[in-house]
Amino acid sequence: MKQKRVAIVAAGITRFGNRQATFRDLIAEAGKATFDNNKNIKPKDLQSFILSAVYPERAAFQGHPAPLAAEWCGVRPSEFHCRVENQCGSGTTAIRTAYCVILSGLTDMVMVVGAEKVMVPSHGEIFLNAMAGCDREWEGCFGVTPPPLFAMVAQAHMKKYGTTEEQLALVSVKNHNHSVNNPYAHHQKGASLEQVMKSRPIAKPLKLFDCSTNTDGAAGVILTTEERARDYTDKPIYILGTAQINDGYPWVNYPKDWSSWPALKIAAQKAYDMAGISPMDIDVAEVHDCFTISEIIECEELGFCEKGQGGRFVQEGLSDHGGQVVVNPSGGLIACGHPFGATGVRQAWEAFIQLRGEAGVRQVKDAKIALGHNLSGLGEHHILIYGRN
Amino acid sequence: MATTDKKYNYIIHPDVYITDPVPLQTPDQNRVYTFYDNLREGRLTTTRCKECGCIAWPPRVVCFECMSDQLEWVDFPDPGRIYAFTVQENGNPPGFPVPTIYALIDFDNGKRIISPIVDCDPSEVTVGAEVALKVVPAPKDRVLFFFTLKDKK
């Protein structure tokens, strides 16, 4: 029997940035953008709704956000609805959840919206909120947030493989220059190597431009069965493979060598096997560049280059247009910004427009297969592989 | 110089718990309060399972290997050694000073701890350096565990 498949039939996004908008405003914008993307689907056609959001309880003082979000998108779910939270990997987890619910037969069409209000009026509170995403009792209590953690990842990778600060910076330069052509990105002005290298220090060796940007934003996708997809669009995008892994918690319990992320390698292989492809088949990769070092290690563990060669991979232009695989054509988390719950859905949106040939100036030529990768820690990874066929 | 002299001004509001970053440490709030009692005596400890011998970090109330709830407190071996470190210069949460040196510290029991290294200049810290426990007071009669370099230059 042929394996049942799930397809994306609509995708929409809000402008990312320091938005003059509330959490619910962002949700409504993403809902409209998603329905505007496919006029064949109306809110009342949806019987299922999933919200991806990480900390509306802290940043918007709003608990129980899933029914609120569904209502703000005009959806009255009668088959399935919930909120999904998996820190920075929430968006991909939400799409995986929709995938599972559709294949279970409980429902045959799901709207997924990822949304995050990050930019609260008191700026320092953003960092206080970030602490809550670490183990608050044993890590957060010291003021530990992701930047020092990923800084130590960078230290370990530089020591073991000789990766340089300039190679880190080149990831940022590439992604900032990609987002010049993304009208929804937080940053659209590009960046030079000098600008990145001279940006203010955050946690050594990471500088401001090595870090993803705190930002507000939301994105939406609608998924359905392969059979129903053709009722709504001539160009559905299929989920070919997916995988997820969590190897240790909290951070100090990840495998000892922080320059290697074996969990990602395992998850990637599972997803490739499920899709029946190899890393060399990926045309577009939206990977989790929460920090520049992350993208370097991800290119290694995803199999785009040899272990330890991630710095050279970006330096030689192999992750840029005209290279082996275009990594983060949207600008990634670094240049689009990283509204936590929205990011995985934003990656799905990029995969959707790239594979349909609708990405405009930043279109990856003849893109057939795309990969989306979210992480929520060094050992916690979430992968989706999308295909045109 | 990153030291404990730099003031930690935790945001603690009498009626709002959510911004207080320091764990609750008393028996009425937390079942691993013994960790903090030991810490007040200068001992860095964690739980070991009496059934299977598994040592946990952070300390637990149930063994994650065998699900036994018969656990005992054991001391961390001395010294810890720095696996990696960074100096945070910007972007710390409010109430936490910069610069702060954060380090991953490995112990011979196979456990790793993350904590600030204090009372030294960042230039003195090296990978592999040995560190010693420094118990630091926190608001409302609480304590936290920082580390210092054993051999200062």
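## Chain B at a glance

Of the 153 residues in chain B, 28% are buried. Please keep in mind as you read that this is a predicted model. Chain B holds one helix and seven strands, and if you follow the chain from its N terminus, the order is α-β-β-β-β-β-β-β. Its radius of gyration is 16 Å, close to the 15 Å that the globule rule gives for 153 residues, so chain B is as compact as a globular protein of that length.

Among contacts in chain B with a separation of 6 or more, 51% are between residues 24 or more positions apart.

## Where chain B touches chain A

How many residues does each chain bring to the contact? Chain B supplies 28 residues and chain A supplies 29 residues. On the chain B side, the elements giving two or more residues are β3 (80-88), β4 (100-106) and β5 (112-117) of chain B. Sorted by class, that side of chain B has 18 nonpolar, eight polar and two charged residues.

## Two domains in chain A

Now let us move over to chain A. Its domain assignment gives domain 1 (6-121 + 215-237) and domain 2 (145-211 + 239-387). Taken over C-alpha atoms, the centres of domain 1 and domain 2 of chain A are separated by 23 Å.

The two domains of chain A also touch: 37 residues of domain 1 are in contact with 35 residues of domain 2. On the domain 1 side, β1 (6-13), α4 (90-104), β4 (109-116) and β7 (217-225) of chain A are the elements that give two or more residues. Which of them gives the most? That is α4(A), with eight residues. By class, the side of domain 1 of chain A that touches domain 2 has 19 nonpolar, 13 polar and five charged residues.

## A closer look at helix α10 of chain A

Helix α10 (residues 262-275) of chain A is worth a visit. This helix has 14 residues and reaches 20 Å from its first C-alpha to its last, close to the 20 Å expected at 1.5 Å a residue. Its buried residues are A263(A), L264(A), A267(A), A268(A), A271(A), Y272(A) and A275(A). Seen down the axis of α10(A), these buried residues fall within an arc of 165 degrees, so they line one face of the helix.

What covers the buried residues of α10(A)? The cover includes β8 (237-246), α11 (292-301) and β12 (380-387) of chain A. Just after α10(A) comes G276(A), which takes a positive phi of about 70 degrees.

## One loop residue: Q62(A)

Our last stop is a single residue. Where does Q62(A) sit? You will find Q62(A) in the loop between α2 (56-59) and α3 (65-72) of chain A. Q62(A) has 17 C-beta neighbours inside 10 Å, so it counts as partly exposed, since a residue needs 20 or more to be buried and 12 or fewer to be exposed.

Setting aside its neighbours within four places in sequence, Q62(A) is in contact with F23(A), P56(A) and E57(A). Compare that with Y238(A): from C-alpha to C-alpha, Q62(A) and Y238(A) are 34 Å apart in space, and they are 176 residues apart in sequence.

Notes:
Residues are numbered from 1 along each chain as its sequence is written. Chains are lettered from A and ligands numbered from 1 in the order in which they are written. This is a predicted model: local features need pLDDT of at least 70, side-chain atom pairs count only at pLDDT 80 or more; totals for chains, interfaces and linings use all residues. Two residues are in contact if their C-beta atoms, placed from the backbone, lie within 7 Å. Helices (H or I, at least four residues) and strands (E, at least two) are DSSP runs, numbered from the N terminus. Ala, Val, Leu, Ile, Met, Phe, Trp, Tyr, Cys and Pro count as nonpolar, Asp, Glu, Lys and Arg as charged, and the others, Gly among them, as polar. The radius of gyration is taken over C-alpha atoms; the globule rule is 2.2 Å times the number of residues to the power 0.38. The expected span of a helix is 1.5 Å times one less than its number of residues. The arc is that of the directions from the helix axis to the C-beta atoms. Domain bounds come from an automatic or database domain assignment.
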